[in-house]
Amino acid sequence: MQTPSTIKPLWQTYLLFLAPMVLSNFLQSMSGTINSIYIGQMLGTQALAAVSGMFPVIFFFIALVIGLGAGAGVLIGQAWGAREAHMVKAIAGATLLLGVLIGLLAAVLGSVFARQALQGLGTPADVLDDAVAYAHVMMWILPSMLVFVLFTQLLRGVSDTVSPLLALIVSTSVGLALTPALIRGWFGLPQLGIQSAAFAGLAGNLSAMTWLAWRLIRKDHPLAPDREFFAALRLDAAILGKVLRIGLPTGVQMIVLSLSELVILALVNQHGSQATAAYGAVTQIVNYVQFPALSIAITASILGAQAIGAGQLQRLAAILRTGLLINVCLTGGLIVLGYLLSHWLLGLFLTEDSTRAMAEHLLHIMLWSLLVFGFQAIIGGIMRASGTVLVPVIIAIVCVVGVQLPAAYWLDGQYGLQGVWMAFPVAYLGMLVLQTLYYKLVWQHQKIERLV
């Protein structure tokens with residue numbers, strides 16, 4: 001049977017996979033960016049510093065859910081290809097219920113230990129109370145956020161890329177309209193201050209999910225929330241075992257990245273609230289570059305798995321080369337734009353000239369290394385396509401724990417705040433060297449066989 005990769009040029013196949021993922025990532029990042037712009041411009045640098053401390057924590061749970069979605073998406077795709085609609089619902093139901101339980105657990109633990117966690121991260125004392133207040137709201141809306149992210153991933157498993165994009169547009173639009181209204185108390189709404197963005201995000205998620213349910217039911221969609229779908233909401237150990245086995249490596253890889261962010265944030269917080277605000281602004285820009293790089297790696301893994309399944313092992317080298325080339329063009333192009341527009345982009349978040357100058361310097365130190373990050377992720381993605389998941393994850397963990405953490409502490413002592421940001425390129429270069437060595441010296445000499 002012909003696959004998309006056999007009837008289209010590789011670069012076209014890549015773009016068909018990449019376009020919806022990159023656009024979705026863009027919309028998700030833009031939602032957070034808009035909120036940060038509102039907070040920075042309307043409430044000030046102190047408020048932006050207060051909410052910045054939550055970025056790595058939220059990213060941790062989103063990464064875990066993205067891992068679940070990656071695993072479930074593969075299983076749903078197989079079931080959909082076999083026209084087994086009941087299995088599609090069973091996989092989606094089990095995965096969504098697990099996502100809800102993860103969100104509820106995070107909400108409870110986050111609410112109880114928010115102050116201790118933020119203190120442990122070294123959140124500056126002058127913004128701690130505001131940060132805790134924001135954290136309480138964010139953790140309680142986390143279940144709805146995770147379900148929304150997870151469900152949009154599952155839809156792509158049945159080749160529906162339009163519905164997730166439209167739902168994200170609804171969510172982003174509602175958040176864009178509500179955040180300033182809640183900050184200022186327009187139209188008789190309460191003034192919620194620093195918590196405005198969180199409540200606006202909740203309204204956006206609920207609006208998008210309501211609209212999405214209506215759309216799917218109207219179209220008699222295989223994942224429409226009907227009676228059969230709700231009956232499938234149960235923890236099926238066999239299904240979840242397969243979901244975790246396939247998707248956990250992606251989640252672990254992203255969680256490792258979030259752990260590196262926690263290390264950096266704790267060190268940055270020691271330099272005061274101005275440095276924390278700069279960190280928050282830089283993180284917003286970095287997300288726009290990092291997520292497309294990850295999307296290329298996921299695409300390389302999918303195309304690699306298709307080639308292995310079709311017995312076309314000779315295509316793996318071409319898939320890797322094409323992925324690396326697209327990384328140069330797409331990620332590299334975004335990096336160039338980041339450098340050229342850095343002063344203006346950071347000005348969207350930061351109103352104080354000294355803080356913006358600090359953030360611009362820090363961004364310039366590490367932005368280029370995201371190209372390296374993309375290279376190593378793509379190489380790891382190709383290897384994961386054959387079921388080689390343990391070594392790429394171990395490499396990532398070793399480079400974060402054994403390279404980035406010591407380098408960040410040592411460079412901080414040598415160069416101050418800018419030294420903390422130098423640890424990113426050091427870690428990414430280490431990942432690239434180790435992933436390449438394993439690929440060349442070990443993986444290429446292994447016998448590659450189909451897993452299913």
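Mentor: To begin, V22 touches P292, S295 and L330, leaving aside residues up to four places away in sequence. Please keep in mind that the model is a predicted one.

Trainee: In which helix does V22 have its place, and what distance separates the C-alpha atoms of V22 and F291?
Mentor: V22 belongs to helix 2. Along the chain, V22 and F291 are 269 residues apart. The separation of their C-alpha atoms is 7.3 Å.

Trainee: Into which domains is the protein divided, and what distance separates their centres, taken over C-alpha atoms?
Mentor: The assignment gives domain 1 (10–235) and domain 2 (246–445). Taken over C-alpha atoms, the centres of domain 1 and domain 2 are separated by 22 Å.

Trainee: How many residues does the contact take from domain 1 and from domain 2?
Mentor: Contact here means heavy atoms within 4.5 Å. Under that cut-off, domain 2 contributes 48 residues and domain 1 contributes 42 residues.

Trainee: What area do domain 1 and domain 2 bury between them, and how many salt bridges does the rule find across their interface?
Mentor: The size of an interface is often expressed as the accessible area lost when the parts come together. For domain 1 and domain 2 this area is about 3,900 Å², with 74% of it on carbon and sulfur atoms. Across the interface of domain 1 and domain 2, the number of salt bridges found by the rule is zero.

Trainee: What is the volume of the second largest pocket, and which residues lie nearest its centre?
Mentor: The volume of the second largest pocket is about 480 Å³. Its lining consists of 22 residues. Nearest the centre of the second largest pocket lie F26, I285, Y288, L334 and L345.

Trainee: Which helix gives the most to the lining of the second largest pocket?
Mentor: At least two lining residues come from each of helix 2 (10–42), helix 11 (273–309), helix 12 (315–340) and helix 13 (342–347). Domain 1 and domain 2 each provide at least three residues of this lining. With eight residues, the helix that gives the most is helix 2.

Trainee: How do the residues lining the second largest pocket divide into nonpolar, polar and charged?
Mentor: Tyr counts as nonpolar in this division, so Y288 falls in that class. For the lining of the second largest pocket, the division is 18 nonpolar, four polar and no charged.

Trainee: How many cavities of 30 Å³ or more does the structure hold, and what is the volume of the largest cavity?
Mentor: Rolling a probe the size of a water molecule over the atoms shows where empty space is left. The structure holds two cavities of 30 Å³ or more. The largest cavity has a volume of about 50 Å³.

Trainee: Which helix gives the most to the lining of the largest cavity?
Mentor: The lining of the largest cavity includes Q253, Q376, R384 and Q435, and it divides into four nonpolar, four polar and one charged. With four residues, the helix that gives the most is helix 15.

Trainee: Which residues line the second largest cavity?
Mentor: The second largest cavity has a volume of about 30 Å³. Helix 10 (237–269) and helix 15 each supply at least two residues of its lining, which divides into four nonpolar, two polar and no charged. The lining residues are Q253, L257, F373, Q376, A396 and M431.

Methods. Residues numbered from 1 in each chain as written. Predicted model: local features only at pLDDT ≥ 70, side-chain atom pairs only at ≥ 80, totals over all residues. Heavy atoms only, no water. 1 Å grid on protein atoms, 1.4 Å probe; cavity = no way out; pocket = protein on both sides within 12 Å on 5 of 7 lines; lining within 4 Å. Points joined across faces, edges and corners; volume = space filled by probe spheres on them. Domains from an automatic or database assignment. Buried area = accessible area lost by both parts, 1.4 Å probe. Salt bridge = Lys/Arg side-chain N within 4 Å of Asp/Glu carboxyl O.
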